[in-house]
Amino acid sequence: MKILGHERILELLLSLKAQSFLFTGPEGVGRRAVARWYAWQLNGEHYANDYLEIAPETETKGGKKARKPQILLEQIAPREAGGENLLDWLSTHPRHRAKVAVIDGAHLLNEPAGNALLKILEEPPAYARIILIAPSRELVLPTLASRSLEIAFGPLPLSILRQLSTDPEVLAYAEGAVGRVRWALEHPLEFQKLLARTEGVLESLVGPHSGAAQTQQALKALGELDHGLGYLARRLEGIFPPESPRRREALEALAQTQEALSAYTGEELAYTWLALRLWRLVNSQSDPARAGTPYAAKKTSQAKPL
């Protein structure tokens, strides 16, 4: 099993005796791949027999798409409804050397699930290895983070990503995350939609035909794509300087909108509020300052909104 980059982390993992780890870092940087590699190192090519991944539920019990995915109690501990869960899975001995369980999205554990996981981390079976995956330590329940050894993952250098692609748009989108490179290559149409619709939002804020109404429509189109608002947050540096208070306010507005949508606030209301907020932040800048922004000076993509 080959892993791109992270050589120091791979070497370190093999020397550690800890039973629980916290893998932190940007989405797509390789945390899941390294978790599988670790299981493979412990158990060999048949590692899947003793490997379990638990991820947030993305659908409601009614079959609808969950706006706020969560890891639920029944995924960690047994419930009346039955189904596979971590505690029951760990109650049997491994076929090989160790059982490796990955909690993919540890920051999305609801409170009962987090409490149940804490009991497991306090007294894990000797053969258990438990890996929590989250964007940062601060987002994980402190009681869980304190019982896990943190392994921090950083972006990969371009020299490594170029082994997969030399497309400048793909590399710019990836920002050091190998998972983003692979997603863009495997889903070229969705990738172009993401670029074009993000460009449409930026154009609606600073372009010659900009306006709050145009921004609202562009945001709604972008919101139809997975991770659309997240990518927009990364692109806002083209409008606001990195240390600008307005950039921080814009990012906060994006986060508030995502929270509102996850709480089932109407999309029309959420995107209208966000459009007005971003429009005011952009246009409260003086014309000279606005004209000097990196985005106004040189657009990073010429794709038209789809």
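Helices are DSSP runs of type H or I with at least four residues, numbered from the N terminus. The legends below describe close-up views of a predicted model.

**Figure 1. Thr-215 within helix H11.** Thr-215 belongs to helix H11, which spans residues 212-223. The relative accessible area of Thr-215 is 0%, so this residue is buried, the limit for that class being under 20%. When neighbours within four places in sequence are set aside, the contacts of Thr-215 are Ser-204, Leu-205, Ala-275 and Trp-279.

**Figure 2. Overview of the fold.** The protein contains 16 helices and seven strands. Its chain has 306 residues, of which 45% count as buried. Among contacts between residues at least 6 apart in sequence, 68% join residues that are at least 24 apart.

**Figure 3. The open five-stranded sheet.** Five strands form an open sheet in the order S2-S5-S6-S1-S7, and their pairing is parallel. Strands S2 (51-54) and S7 (149-152) stand at the edges; each has a single partner strand, and therefore one side of each lacks a neighbour in the sheet. On average, and with direction ignored, neighbouring strands of this sheet are turned by 20° against each other. In general, the strands of a sheet pair through backbone hydrogen bonds, in either a parallel or an antiparallel manner.

**Figure 4. Strands S1 and S6 with helix H2.** Strand S1 (residues 20-24) pairs with strand S6 (residues 128-134) in the parallel sense, over five bridges. Leu-22 is placed opposite Leu-132 of S6. Helix H2 (residues 31-43) packs on the sheet and touches S1, S2, strand S5 (99-104) and S6. The direction of H2 makes about 170° with that of S6.

**Figure 5. The aromatic pair Phe-21 and Tyr-38.** The count of aromatic pairs comes to eight. In the pair shown, the ring centres of Phe-21 and Tyr-38 are 5.6 Å apart and the ring planes stand at 75°; the pair is therefore edge-to-face, a class that requires an angle over 60 degrees. Distant parts of the chain are linked by this pair, as Phe-21 lies in strand S1 and Tyr-38 in helix H2, 17 residues apart. Phe-21 counts as buried because its relative accessibility is 0%. Tyr-38 is likewise buried, with a relative accessible area of 3%. Ring pairs also join Phe-21, Phe-23, Tyr-38 and Phe-153 into a cluster.

**Figure 6. The crossing of helices H9 and H10.** Helix H9 (residues 178-186) and helix H10 (residues 188-206) have axes that come within 5 Å and cross at roughly 110°. This angle falls in the range of 65 to 115 degrees, so H9 is roughly perpendicular to H10. On the H9 side the meeting residues are Trp-183, Ala-184, Leu-185 and Glu-186, and on the H10 side they are Pro-188, Glu-190, Phe-191 and Leu-194. The residues of this contact comprise six nonpolar, no polar and two charged.

**Figure 7. Asp-167 in the loop between helices H7 and H8.** Asp-167 occupies the loop that joins helix H7 (158-161) and helix H8 (168-174). With a relative accessible area of 33%, Asp-167 is partly exposed, because this value lies between the limits of 20% and 50%. The C-alpha atoms of Asp-167 and Leu-185 are separated by 9.7 Å, the two residues being 18 residues apart along the chain.

Methods:
Residues are numbered from 1 along each chain as its sequence is written. This is a predicted model: local features need pLDDT of at least 70, side-chain atom pairs count only at pLDDT 80 or more; totals for chains, interfaces and linings use all residues. Side-chain values use heavy atoms; hydrogens and water are left out. Axes are lines fitted to C-alpha atoms, for helices over the stretch in contact, and angles run from 0 to 180 degrees between N-to-C directions. Helices (H or I, at least four residues) and strands (E, at least two) are DSSP runs, numbered from the N terminus. Angles under 35 degrees count as roughly parallel, over 145 as roughly antiparallel, 65 to 115 as roughly perpendicular and the rest as oblique. Contact means heavy atoms within 4.5 Å. Ala, Val, Leu, Ile, Met, Phe, Trp, Tyr, Cys and Pro count as nonpolar, Asp, Glu, Lys and Arg as charged, and the others, Gly among them, as polar. Two strands pair if DSSP finds at least two bridges between them. Rings of Phe, Tyr and Trp (its six-membered ring) pair if their centres lie within 6.5 Å; planes under 30 degrees apart count as stacked, over 60 as edge-to-face and the rest as tilted. Buried means under 20% relative accessible area, exposed over 50%, partly exposed in between (1.4 Å probe, protein chains only).
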